[in-house]
Amino acid sequence: MSGTTNGSVTISLDGTNQSLKLPLLAGTIGPSVADIRKLYGNLGIFTFDPGYGETASCESKITYIDGDQGVLLYRGYPIEELAEYASFIEVAYLLLSGELPNAAQLKDFDAGVRNHTMLHEQLRRFFEGFRRDAHPMAVLCGVVGALSAFYHDSLDITNPEHRRISAFRLIAKVPTIAAWTYKYAIGQPFMYPRNDLSYAENFLYMMNAVPAEPYKVNPVLAAAMDRILTLHADHEQNASTSTVRLAGSTGANPFACIAAGIASLWGPAHGGANEAVLRMLSEIGHVKAIPEFISKVKDRNSHVRLMGFGHRVYKNYDPRAKIMQRTCHEVLDELGIKDDPLLDLAVELEKIALEDDYFVSRKLYPNVDFYSGIILKAMGFPTSMFTVLFAVARTVGWISQWQEMIEDPSQRIGRPRQLYTGPTQRSYLPIEKRA
Ligand code: CMC
């Protein structure tokens, strides 16, 4: 633990003379954390924090979020600057290694990723075990999990070289698997990766090309894709990243851990939200229907949420959403889409929600998913692929966080406690004596 001690907080048990001084640990920025590791040993109590909203589960140097100010930093660099000036591969290097690469380092790293884009040929056959109508996230999760059955030579998590190669393999192969989940669903031949293309170009190529015709990647769309990947690359200890860390804390191999992260990302409250936004916009259907929809959202009993709004951490505009909004206009302009009814609906919905007291008082602002669905739809991605794309980008964050965890000497198996409210001990009752 390298956070410095910065004061203390004393906790005392009412009605007893027992108390404990807990050290307050300060990071470089952000709130200090009370170190409760000796709490149970000294006072015999645990803390209660369902959803871990107040709990720092680890020390990390990778990503910082100030949810009140709408700030997101990767290794100290603002997301706005990285999205504007850096390529996704540069961002991947930064997240993994801690520093921006110089020209030679970037060339080497890029070549390393390009070197690993192909899949073991036998892994192709895995796809055939899935139904054609399977959700691509189900296929992605299964095939990524299966990587550990193919790459035995990089599974020793105590070996830094194995960890390095596994990181390259994951970053390089996940786009290939992702594109193939789509090709499999639509019955088109799998396109092998092209290592002469950039990361984003290659992904678009594998998604859209067919062997029968030449395919030229649109540079504006490739630049937008690269930026979308950067925006989704990491987001500190969110549900899927915490899942990866928790799975990794047991010593599980990185391919299995990333498969666990993919499963966690799939849910509509997390990565599945971009898909849900588009479904919601289609269901609303028309600008005139917005007021009725908003009243449903405000009615507690309806359980309807405004998808793409709200965030566990951001209580301000999600900085990624602003960049997404701009990218959305760039993509629609490039594709010559003058009037997109879904975009019109989204813009109007956002305007109304940002003025409505329900959303204002709860600090519910658009998040990264509000506009990403519209962009991806315009680029030709089917809705079911949205979360898959998120997983492609987040693989870099997951593997960086996994690596940091493995290298952290204070790392232990993740094992939360509970507040038990079930029956106290009782004796087994033979069936004839039960009511
Ligand atoms: N629409 C309507 N009301 C909402 C919404 C929403 N999208 N989000 C939160 N609320 C309300 C909620 O009902 C509660 O109201 P009250 O205090 O009256 O009970 C209050 O706001 C606080 O909500 P919460 O559930 O305690 O907030 P949370 O921090 O647990 O949830 C969230 C965060 C992202 C799960 C939630 O805002 C949500 O479900 N949003 C829609 C799904 C979505 O867009 N998810 C993508 C998140 S960004 C991508 C990613 O990083 O994964």
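**Aromatic pairs, helices and a glycine**

Tutor: A search of the whole structure, which is a predicted model, turns up 17 aromatic pairs. Let's start with Tyr-93 and Phe-109.

Student: Why is the pair of Tyr-93 and Phe-109 called edge-to-face?

Tutor: Check the distance and then the angle. The ring centres are 5.4 Å apart, and rings pair if their centres lie within 6.5 Å. The planes sit at 90 degrees, and planes over 60 degrees apart count as edge-to-face. So the pair of Tyr-93 and Phe-109 is edge-to-face.

Student: What makes this pair a tie between parts of the chain?

Tutor: Look at where the two residues sit. Tyr-93 belongs to helix α3 (residues 88–97) and Phe-109 to helix α4 (residues 103–114), so the pair links parts that are 16 residues apart in sequence.

Student: Why does Tyr-93 count as buried?

Tutor: Tyr-93 has 15% relative accessibility, and buried means under 20%. So Tyr-93 counts as buried. With 8%, Phe-109 counts as buried too.

Student: What makes Phe-309 and Phe-359 an edge-to-face pair?

Tutor: Their centres are 5.9 Å apart, with 70 degrees between the planes. The cut-offs are within 6.5 Å for pairing and over 60 degrees for edge-to-face, so the pair is edge-to-face. Phe-309 is in the loop between α13 (290–298) and α14 (319–334), while Phe-359 is in helix α16 (residues 357–361), so this pair connects parts 50 residues apart in sequence.

Student: How do you know that Phe-359 is buried?

Tutor: Its relative accessibility is 1%, and the limit is under 20%, so Phe-359 counts as buried. Phe-309 has 10% and counts as buried as well. Both residues are part of one aromatic cluster, together with Tyr-358, Phe-370 and Tyr-371.

Student: Back to α3 and α4: why are they called roughly perpendicular?

Tutor: They pack at an angle of about 100 degrees, with their axes 10 Å apart. Angles of 65 to 115 degrees count as roughly perpendicular, so α3 is roughly perpendicular to α4. On the α3 side, the contact is made by Ile-89, Glu-90, Ala-92, Tyr-93 and Leu-96; on the α4 side, by Gln-105, Leu-106, Phe-109, Asp-110 and Val-113. By class, that contact has seven nonpolar, one polar and two charged residues.

Student: What makes α3 "mostly covered"?

Tutor: Nine of its 10 residues are buried. Among them are Phe-88, Val-91 and Leu-94.

Student: And how do you know that Gly-98 is buried?

Tutor: Gly-98 has 15% relative accessibility, and that is under the 20% limit, so Gly-98 counts as buried. Gly-98 is found in the loop between α3 and α4, and just after α3 it takes a positive phi of about 100 degrees. Leaving aside neighbours within four places in sequence, Gly-98 is in contact with Arg-75 and Tyr-93.

Student: Last one: why are α12 and α18 called roughly antiparallel?

Tutor: Helix α12 (residues 273–284) and helix α18 (residues 386–407) have axes that come within 7 Å and cross at roughly 155 degrees. Angles over 145 degrees count as roughly antiparallel, so α12 and α18 are roughly antiparallel to each other. Their crossing is right-handed. Asn-274, Glu-275 and Leu-278 of α12 make the contact with Phe-386, Thr-387 and Phe-390 of α18. By class, there are three nonpolar, two polar and one charged residues in that contact.

Key. Residues numbered from 1 in each chain as written. Predicted model: local features only at pLDDT ≥ 70, side-chain atom pairs only at ≥ 80, totals over all residues. Heavy atoms only, no water. Axes fitted to C-alpha atoms, helices over the stretch in contact; angles between N-to-C directions. Helix = DSSP H or I, 4+ residues; strand = E, 2+ residues; numbered from the N terminus. Parallel < 35°, antiparallel > 145°, perpendicular 65-115°, else oblique. Left-handed = near helix turned anticlockwise from the far one by under 90°. Contact = heavy atoms within 4.5 Å. Nonpolar A, V, L, I, M, F, W, Y, C, P; charged D, E, K, R; others polar. Phe/Tyr/Trp six-rings, centres within 6.5 Å; stacked < 30°, edge-to-face > 60°. Buried < 20%, exposed > 50% of the residue type's maximum accessible area, 1.4 Å probe, protein only.
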